[in-house]
Amino acid sequence: MSEYDVVIIGGGAAGLSAALVLARARRRVLVVDGGAPRNAPAAHLHGYLSRDGLPPGELLAAGRNEVRSYGATICDGVVRELVRCSRSGFAVLLSDGRRVSARRLLVATGLRDELPDIPGLRERWGRDVLHCPYCHGYEVRDQQLGVLGGGPEAVRYVQLVRQWAQDVVFFAPAGTLTNAERSQLVARAIGIVEGGVQQVLIRDDRLCGVELDDGRIIRRDALFVPPRFVPNNDLLAGLGCAVDENGWVATGAHGQASVPGVWVAGNVANPRAQLITAAGEGSAAAMAINADLVEEDVRDAVRDFNQGFVA
């Protein structure tokens, strides 16, 4: 069984950033990545200093090359199970049957977006059906925008989207808006369309409008949809890591989970982390992991020294 100081599960911005720090600290590092990044549908990434506008795949490819150049190993695969083997050691079982050991774990498996069951949304996701105005708002600025409501934060969300365009329409289920919310929308000239959404309309491979249950068609160029964020936390839950009522893992300083020897970084614990935030969290977690390993190295060295002296 191969042995590593740290096994990192997830090779996105958080995982690769952590791997870079740890490999440069001369740790034996393995990154296991399933090859299905959340931002794969997006043509470009934004808000990442010095990399704004870069295709997401190019960022990951460059990151992998950097990590490998310092001696870390990257494995394309899926981790099926994590098992605690000792006070600070873990067994990592991969889907192809391989088994490796790790002194520490960093889980950076991200989250998945659950969208309303409306025809057309999933197919246009990351193109002209969007979720983050900070990531995509500038690219659709001054266009005819729509925001799909329904959640408790939807009105606040559409007010945020209004920052990027004057022509914004809020699609709200009938009877859900309060008088105060309606006044706030009207005050900023946000259109209100109430009723159920039947489907997203596409023409020439571009979103062109939204059709309602009653047959009305509202022309739009892009649609913002706040999805339900669901953390990919199965491995963490299987280890017994504490999570809140929504499944988000409880963390201490620098992403340390409740199970000793386990850290998390990125969207698996922080749904609002953009790429640059996730990379920073990965870097911070890596330094904390290395410091923890150093403490263990010191304890082991003192124990071995004392045992040799006694002998």
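Modeller: What follows starts with L239 and then turns to a surface patch and the cysteines.

This is a predicted model: local features need pLDDT of at least 70, side-chain atom pairs count only at pLDDT 80 or more, and totals for chains, interfaces and linings use all residues. Residues are numbered from 1 along each chain as its sequence is written, and side-chain values use heavy atoms, with hydrogens and water left out.

L239 lies in helix 7, residues 234-239. Helices are DSSP runs of H or I, at least four residues, numbered from the N terminus. L239 has a relative accessible area of 15%, so it counts as buried (under 20%; exposed is over 50%, partly exposed in between; 1.4 Å probe, protein chains only). Setting aside neighbours within four places in sequence, L239 contacts L82, V83, R84, F90, L105, V259 and V262. Contact means heavy atoms within 4.5 Å. L148 is 91 residues from L239 along the chain, and their C-alpha atoms are 37 Å apart.

Now the surface. V294, V298 and V302 make a nonpolar patch of about 230 Å². Nonpolar side chains are joined within 5 Å, like charges within 9 Å. Areas come from the Shrake-Rupley method with a 1.4 Å probe. V294 sits in helix 8, residues 275-310. At 37% relative accessible area, V294 is partly exposed.

Last, the cysteines. C132 is buried at 12%. C208 is buried too, at 12% relative accessibility. The structure holds zero disulfides, a disulfide being a pair of cysteine sulfur atoms within 2.5 Å.

Technical notes. Patches are made of residues with over 30% relative accessible area and no salt bridge: like charges are joined within 9 Å, nonpolar side chains (Val, Leu, Ile, Met, Phe, Trp, Tyr) within 5 Å. A salt bridge is a side-chain nitrogen of Lys or Arg within 4 Å of a carboxyl oxygen of Asp or Glu. Helices (H or I, at least four residues) and strands (E, at least two) are DSSP runs, numbered from the N terminus.
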